[in-house]
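Subject: Structure handover

Hello,

Here is the structure I promised you. Please open it beside this email and follow along.

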Amino acid sequence: MTTPGHAGGGRSRDDGPTRGDLQPRFSTNRVLAIAAGVLGTLALIAGDTPTPGGAGAATALDLAAAIRADPDGVVVLDVRDEGSFAEFLAPRARRFDGAPEDTPSLLREIGVTAAGRVFVTGGPLADPRPAWLALRRAGFENAHYILDIATAWLDDIVSPVGSPDMSAAERETWDRHAELSRYFGGFPRIAARSDDADESTSARLRRAKRRGCAF
């Protein structure tokens, strides 16, 4: 398992296990993992966990602030496929392709206790909530999820847009947001409308990389 993260415009690697330490025993059982994911999603539909925006839901700003405050105290598990992970990975992200119910034991193996700060990130084809739900049931009270990490990171960190009609209080909040964006190499700006609102996530990622953002 790889942890190719970046903060402050750079890229870093922690001292945790490599991708090879964690993936083989899961990837050999991928069919069971997919089945478990389906069962987890059915549990979500049945009402075991909140809808997006409810308890447990986090934003890219939450993740960025947590990493900046304590980079070694945050674990990011990305449940997307290899292609999506290669296209974009959040700072500190580790790819996880195991069954959702294996998530708590994985974290314990790498020394993360139930008090650890954990973000499970996903995408349009990879729901992070089954793994998050398994963590919460196992007592990981500081576990959170982000449904679509690539889009969220682009919107909130890489190219956030502030309204030109902000109040004084909103401007104060925006200034803190913009400063955090710049810390991670973003390009915050004030405009009536985002220039890339109609672009696909992949196109936005390519443009961000051309501008010097490191993923």
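Which residues of helix H9 are buried? They are Trp174, His177, Ala178, Leu180 and Ser181. Seen down the axis of H9, these buried residues fall within an arc of 160°, so they line one face of the helix. The arc is taken from the directions that lead from the helix axis to the C-beta atoms. Buried means under 20% relative accessible area, exposed means over 50%, and partly exposed lies in between (1.4 Å probe, protein chains only). An α-helix has 3.6 residues a turn, so residues three or four places apart point the same way.

Some ground rules before we go on. This is a predicted model, where local features need pLDDT of at least 70 and side-chain atom pairs count only at pLDDT 80 or more, while totals for chains, interfaces and linings use all residues. Residues are numbered from 1 along each chain as its sequence is written, and side-chain values use heavy atoms, with hydrogens and water left out.

**The whole protein**

The protein has ten helices and eight strands. Helices (H or I, at least four residues) and strands (E, at least two) are DSSP runs, numbered from the N terminus. Of the 215 residues in the protein, 46% are buried. Take the contacts with a separation of 6 or more: residues 24 or more positions apart account for 73% of them. Contact means heavy atoms within 4.5 Å.

**More on H9**

H9 covers residues 168-183. At 1.5 Å a residue, its 16 residues should span 22 Å, and its end C-alpha atoms are 23 Å apart, which agrees. The expected span is 1.5 Å times one less than the number of residues. The face turned away from the buried side of H9 carries the exposed residues Ala168, Ala169, Glu172, Arg176 and Arg182. What covers the buried residues of H9? The cover includes helix H4 (60-69), helix H8 (149-158), strand S7 (161-162) and strand S8 (189-190). After H9 comes glycine 185, with a positive phi near 85°.

**The sheet**

Four strands form an open sheet in the order S4-S3-S5-S6, and the pairing is parallel. Strand S4 (93-95) and S6 stand at the edges, each with a single partner strand, so one side of each is left without a neighbour in the sheet. Neighbouring strands of this sheet are turned by 25° against each other on average, direction ignored. Two strands pair if DSSP finds at least two bridges between them.

Now go through the pairs:

- S3 and S4 are parallel and share three bridges. Leucine 77 stands opposite arginine 94 in S4, and aspartate 78 stands opposite arginine 95.
- Strand S3 (residues 74-78) and S5 are parallel, with five bridges. Here valine 74 faces arginine 117 in S5.
- S5 and strand S6 (residues 143-146) run parallel and are joined by four bridges. In S6, histidine 144 is the bridge partner of phenylalanine 119, and tyrosine 145 is that of valine 120.

How are the strands covered? Five of the five residues of S3 are buried, so this strand is largely enclosed by the rest of the structure. Val74, Val76 and Asp78 lie on one side of S3, with Val75 and Leu77 on the other. In strand S5 (residues 117-121), four of the five residues are buried. S6 is covered on both faces, with Ala143 and Tyr145 buried on one side and His144 and Ile146 on the other.

**Crossovers and H7**

S3, helix H5 (residues 82-87) and S4 make a right-handed β-α-β unit. Right-handed means that, with the strands pointing away from the viewer, the path from the first strand over the helix to the second runs clockwise.

H7 lies across S5 and S6, and runs at about 170° to S6. Axes are lines fitted to C-alpha atoms, for helices over the stretch in contact, and angles run from 0 to 180 degrees between N-to-C directions. Seven of the nine residues of H7 are buried, so this helix is largely enclosed by the rest of the structure. They are Arg129, Pro130, Ala131, Trp132, Leu133, Ala134 and Leu135. Glycine 139 follows H7, and its phi is positive, near 95°.

Best wishes
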